[in-house]
Amino acid sequence: MSIEVRGRARHRVEGMRNRVIAALLTASLGWGFAAVGTRAAFGLGATTLTVLTTRTLIALGVLVAWVILAGRWPSRAAWQHGALIGVFRTGLGPLVWMNSLNYISAGVQGLVITLVPSTTAVLAAVMIKERITRRQVIGLGVGLVGTSIIALSGSTGLGDEGDVVYGFALAGIGVFFGAFAGVFQRKFAPLHDTVELAMPMFASGALVALVVGAVVGFGDLGSYPANMWLLLAILAMTSTLMPFALTLYASKHASATIVSMTGYIAPVIAVVAGAVLLGEEITGPILFGAALAAAGVAIVGGVRRSQT
């Protein structure tokens, strides 16, 4: 192989690597600002179900349009598997996570969510008999210590307006829902193209939001200001669809270890953005817990690195 050919090949590899990194950084920004945007919508009068339903329906509408234009309708099996994943990933999980933002800050919630990968590994070992390593268990333990320090200190990031019990309970339930989604995704995703699962996932998530909303209500929709609806539309595109699409792109061109970098970056963005944009508190226990949560993600990421 000539020097010129090797140079072109190296240039293509470097270009792909740069695009993957850019995609993951952008996805991290989207996820990092998701909770901040949700709390901002709450400040404009939105309810949890209004936020979830609007974001999910907009995302679903875009996916339906894409499927029609691309002519790639999901198979029956993809509908069954994608809908099951979506009940937890785009329905129940976001429902309780968004509700937790009434009681804890966006930054604190983001730190709790870092427990999802290691919890998924533990549940996968129990439910589908995946091999679990000592490092995965240690990673979960370290992350739990970090979030427990924040919870036991009473730090909610919202001062007197927060409620550590309700906030951490809801976020913790969301971790289990997210982990269940991860287990089902590990089991069924290899059977389908990931894009094929997207529409069923968002369809079942939207159904969960609509059913729960029909029971408990969506609030007075007519009283919501126009800027709140604009904010929800922006969140649907930039904090729901965009991160999903970009991590999908990255996963096709990079290892699981590289893709997992969003687990480090998004919580940091949530902590900083919440403090700067919403005036959320950053206390000593939150910083210490954040360091341990990041360490837990790093330990689990080390397991992925050895397996890829």
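The largest cavity is lined by Ser105, Gly107, Val108, Val271, Gly274, Ala275, Glu280, Glu281, Ile282 and Ile286. A cavity is a set of points, on a 1 Å grid over the protein atoms alone, where a 1.4 Å probe fits but cannot get out, and lining residues have an atom within 4 Å of a point. The model is predicted: local features need pLDDT of at least 70, side-chain atom pairs count only at pLDDT 80 or more, and totals for chains, interfaces and linings use all residues. Residues are numbered from 1 along each chain as its sequence is written, and side-chain values use heavy atoms, with hydrogens and water left out.

A search of the whole structure finds one cavity of 30 Å³ or more. The largest cavity holds about 50 Å³ of space. Its volume is the space filled by probe spheres set on the grid points, which are joined across faces, edges and corners. The lining comprises five nonpolar, three polar and two charged residues. Here Ala, Val, Leu, Ile, Met, Phe, Trp, Tyr, Cys and Pro count as nonpolar, Asp, Glu, Lys and Arg as charged, and the others, Gly among them, as polar. H4 and H11 each supply at least two lining residues. H11 contributes the most, with three. Helices are DSSP runs (H or I, at least four residues), numbered from the N terminus.

Helix H4 spans residues 106–113 and is mostly covered, with seven of its eight residues buried. Buried means under 20% relative accessible area, exposed over 50%, and partly exposed in between (1.4 Å probe, protein chains only). The buried set in H4 is Ala106, Gly107, Val108, Gln109, Gly110, Leu111 and Val112. Among them, Gly107 and Val108 also line the cavity.

The structure holds two salt bridges. The criterion is a side-chain nitrogen of Lys or Arg within 4 Å of a carboxyl oxygen of Asp or Glu. Glu280, one of the cavity-lining residues, pairs with Arg39 at 2.7 Å, N to O. Glu280 lies in the loop between H11 and H12 and Arg39 in helix H1, so the pair ties together parts 241 residues apart in sequence. Glu280 is buried at 7% relative accessibility. Arg39 is also buried, at 17%.

The other bridge joins Arg72 and Asp193, with the closest N and O atoms 3.6 Å apart. Arg72 sits in the loop between helix H2 (48–70) and helix H3 (76–100), and Asp193 in the loop between helix H7 (164–188) and helix H8 (194–216), so this pair ties together parts 121 residues apart in sequence. Arg72 is partly exposed, with a relative accessible area of 42%. Asp193 is partly exposed as well, at 30%.

On the surface, Leu29, Phe33, Val268, Val272, Val276, Leu277 and Leu278 form a nonpolar patch with about 610 Å² of accessible area together. Patch residues have over 30% relative accessible area and no salt bridge; like charges are joined within 9 Å, and nonpolar side chains (Val, Leu, Ile, Met, Phe, Trp, Tyr) within 5 Å. Areas come from the Shrake-Rupley method with a 1.4 Å probe; for residues, only the protein chains shown count as cover. Helix H1 (3–43) and helix H11 (262–278) each supply at least two patch residues. H11 gives the largest share, five residues. Leu29 lies in helix H1 and is partly exposed at 43%.

Ala298 is found in helix H12 (residues 284–307). Its relative accessibility of 30% counts as partly exposed. The C-alpha atoms of Ala298 and Gly139 are separated by 7.7 Å, although the two residues are 159 apart along the chain.

Notes. 1 Å grid on protein atoms, 1.4 Å probe; cavity = no way out; pocket = protein on both sides within 12 Å on 5 of 7 lines; lining within 4 Å.
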